[in-house]
Amino acid sequence: MLGNWSIRTTAPEDDLSVDISVQHPELGKYFRAILTAKKVSSKMARDQASFFWLMPHRVAIWIYWHVSVSLK
């Protein structure tokens with residue numbers, strides 16, 4: 001697979017950031033994904049447990065929405 005991969009991250013504390021990018025020799029900037037996360041307290045997780053079970057669906061919809069916007 002051609003391309004220069006770059007992965008940058010911060011030390012995991014209360015916040016975490018991960019940035020992955022690929023620079024293709026012919027296609028240029030080929031791929032970039034950024035994750036920003038915030039630590040959730042255990043009390044807050046219990047209070048919002050009904051919300052978190054939908055998180056994989058929310059992330060999948062977010063990814064497909066961004067791909068569809070970038071293709072326009």
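I begin with strand β1, residues 4-9: of its six residues the number buried is zero, so the strand lies largely in the open. Buried here means under 20% relative accessible area, with exposed over 50% and partly exposed in between, for a 1.4 Å probe and protein chains only. Strands (E, at least two residues) and helices (H or I, at least four) are DSSP runs, numbered from the N terminus.

This is a predicted model, in which local features need pLDDT of at least 70 and side-chain atom pairs count only at pLDDT 80 or more, while totals for chains, interfaces and linings use all residues. Residues are numbered from 1 along each chain as its sequence is written, and side-chain values use heavy atoms, without hydrogens and water.

The partner of β1 is β2, residues 15-24; the two run antiparallel and are joined by six bridges. Together β1 and β2 make a hairpin, with five residues between them. Within this pair, threonine 9 stands opposite valine 18 of β2.

I turn now to the pockets. Which elements each supply at least two residues of the lining of the largest pocket? They are β3 (28-38) and α3 (55-70), and α3 gives the largest share, five residues. Among the lining residues are Phe31, Trp62 and His66.

For the second largest pocket, the lining includes Leu35, Met55 and Arg58. Here too, β3 and α3 are the elements that give two or more residues, and the largest share, four residues, comes from α3.

Note on methods:
Pairing = 2+ DSSP bridges. 1 Å grid on protein atoms, 1.4 Å probe; cavity = no way out; pocket = protein on both sides within 12 Å on 5 of 7 lines; lining within 4 Å.
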